[in-house]
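Q: Please take a close look at the aromatic side chains and the nonpolar packing. Give the cut-offs as you go.

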Amino acid sequence: MHVLKFGGTSVANSENINKVVAIVKQSLLKNKTIVVVSALSGITDLLIAAGKTASLRNETYKESLKTIETKHLQAVRELIPIERQSETLSLVKKKCNELESICEGVFLLAELSPRTLDNIMSYGELLSSLIISAKFGSLEMPHHWVDSREIIRTNSNFGNAIVDMDKSTSAIQNYLIKNPQQLCIIPGFIAADPNGITTTLGRGGSDFTAAIIAAAMDAELLEIWTDVSGMMTADPRLVSNAKIIPNISYQEAMELSHFGAKVIYPPTIQPVMNKGIPIRIKNTFSPDDYGTLIERKATENKNSVSGISSIGKIALLSLEGTGMVGVPGISKRLFEALSGEKINVILITQASSEYSICVGVDEPFAAKAKEAVDAEFFNEIAFKKVDPVYIEKDLSIIALVGENMKNHTGISGKMFGALGRNGINIRAIAQGSSEKNISTVIKTADVKKAVNVLHEDFFETVHKQVNLFLVGCGNVGGKLIEQLKQQIKNIDDQLHLNIRVIGIASSKKMLLNEEGIDLQDWKQKLQDSATMTLTGFTDFIINKNLRNSVFVDVTANAETAACYATLLEKSISVVACNKIACSSDYNNYTLLKGLAQEFNASFLYETNVGASLPIIGTLNDLMRSGDKVNIIEAVLSGTLNYVFNNYNGTVSFAEIVKQAQDEGYTEPDPRLDLSGKDVMRKILILAREAGYKMEMDDIKNNCFLPASCMLGSVDDFYIELKKHEAHFKALYESAAKEDCKLKFVAKLENGNASVGLQHINKEQDLFHLYGKDNVVLFYTNRYVQQPLVIKGAGAGADVTASGIFADIVRAARV
């Protein structure tokens, strides 16, 4: 014998019911079959709404009843040949009239008791099962319709009745043995108390009905037919890459269903587990899919974790106080107070110090729970031995479930590490000694992010999703986007990083798409997008709360740099080409580094010095390995090196600078380069990375530009350069006479930093430096006679973009 249960979506309409009939026909070829059905999809909600609306003396309840009647009559007309419809139509009409009479009584009394609501709700399953029975009858298929109220016995706890298993088993066996039909149709969800009054088994109770019958009849298999192809590793509404779990144990299925997996009703498993009857979850709309097989011991599963589940609308109640320490019976009194109010405890944690105990309950019962517990501990609260119960709301539980978690080290660490790296704070933790479940309480706003992060870590080791938000799409930013467009597939294939660009912003426009921006035509899309506001852009990042988010700053804007702290506090990594933050006040610099460490985010700025040259990374490695930097000597401006490598007095200094700007080597305002301010920022950053506490004002700048060049606009600047051509020519000729080259050198020695134009002769390391190259020489305790030298292109949009790209990959791989 097989017991098949079909849920509401499976019997939602005539088309779906025909699919059910086909499935049952296939089952009958091999087995005696009992079919348990739910109400048509949405009908139970309409029934509840009708009852509640009627109790408010609101006549719109009749609209709900009309919708219910129309839906069922339509199903009859579409399922059954016209010559055989009249009997079933009359039966449906009769049931709908009964339902209307009950609701009229509720309307007149303005009262809806749990008993009456159970009676109203029962009509959903009664109508659907009668219609399906009529369908089989029209096909001349022998069967028997059984009223489940005659075979399932409960107490009188209306709304969520408790089944009397012994009496129900006896009634089921007696009834079905006396009626040995090959096919039986039974309404789920409903039962009767000892007085024969209708009760219900709680929402989702049709699964339970099927399990009770399967256990009573020692069925070979219980099949739960729904609209998904089995239990999944996570809720597919939250995780797009959720996978079917082909095999799972009873215990794992119970844990997952308790913690929110909607495929199966939690009490369903117990009756069949006691008999060792397998359960198979199947998809009515893809009947050939394997589904999920639930049995005593699942087939070998290589994963330590079987699934991730969650429950929303949780409140935490905390009872704390010194008067609890070492006092027996505190927990007993707490739970008795909650039990007395029929409040279910979902999660329990207690500090080993006994100073506090915390319980999770359904949020709607939080106030009632607090009232009950505060009343129980009234005296202790009055004498300040115990604090009044503290309630936290808007919380959810995330649970990892798996048989193989037992004695498997590192699961908790991996879970907490994944959550922590994404800024998800854990409010409470619970783990049973069976080690099959690790539960954490987090903010409801973080649930989607948390489930995706955990699913990635435990089920999608192949690919990690990274979400980029890019501000600044000018010369360097544009090159970065082009590199991303070209390399995204390679990065996915080689590094298993699924990089998605979610936001792009210029100074005027911002383009945002939670599902990812198609980079093929990003410029046009940006042009057609919303007006850029930095607040709006960062609010979007924070509110969307996407996992593995990285903010990329390719501007030279102080306002953009000022938002780093807010983002890092939300565990959003920052990749900065912008030098302003790291060269700002020393306290701000250390604050940002501290926030990155505290909130498990990356703060990377390799391109602040030397474009894509590995200068900061190398310096960090020296420091981490215990070396000490004594002297740094460097040419850190690709722009200035380009200018002085190309200027010989035959072409004006202004023309050479303009050429450098046109090539993309200078800042938008070339004075930042030529004034030495940009180099000051760079040596300041290196000094700080080397462990020196230093401010911009501590750096000596021997500026070679006449003061008038620093006034006015960029156009004015070029005019002044031309006026002072003689000055620049004199600088060149002075160096040339000594057979030297002009280099703008930055130096850090004994904690003192300076920048300025120097004559460099052929014997010096800085002499052979061409084009836009940078060079850095590190003299350390280990590199004393011969410095550690890093040399290469230190300017240009392409190389700078590639350095930013490298930082993005570093942030993503943490």
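**Rings and cores**

A: The ring of Phe458 has the charged end of Lys414 over it, 4.7 Å from the ring centre; the criterion is NZ of Lys or CZ of Arg within 6 Å of the centre and within 35 degrees of the ring normal. Tyr290 is placed likewise under the charged end of Arg280, at 4.5 Å from the ring centre. The model is predicted, so local features need pLDDT of at least 70 and side-chain atom pairs pLDDT 80 or more, while totals for chains, interfaces and linings use all residues. Numbering runs from 1 along each chain as its sequence is written, and side-chain values use heavy atoms, without hydrogens and water.

The whole structure holds 18 aromatic pairs (Phe, Tyr or six-membered Trp ring centres within 6.5 Å; planes under 30 degrees apart are stacked, over 60 edge-to-face, the rest tilted). Phe551 and Tyr564 make an edge-to-face pair, with 6.4 Å between centres and 65 degrees between planes. Phe551 lies in strand 21 (residues 549-553) and Tyr564 in helix 19 (residues 564-569), 13 residues apart; these elements are DSSP runs numbered from the N terminus (helices H or I, at least four residues; strands E, at least two). Both Phe551 and Tyr564 are buried, meaning under 20% relative accessible area with a 1.4 Å probe, protein chains only.

Phe551 and Tyr564 are also among the residues with the most contacts inside the largest nonpolar core, which has 86 residues (buried Ala, Val, Leu, Ile, Met, Phe, Trp, Tyr and Cys joined through side-chain atoms within 4.5 Å). Helix 25 (residues 677-689) gives the most to this core, 7 residues.

Key: Buried means under 20% relative accessible area, exposed over 50%, partly exposed in between (1.4 Å probe, protein chains only).
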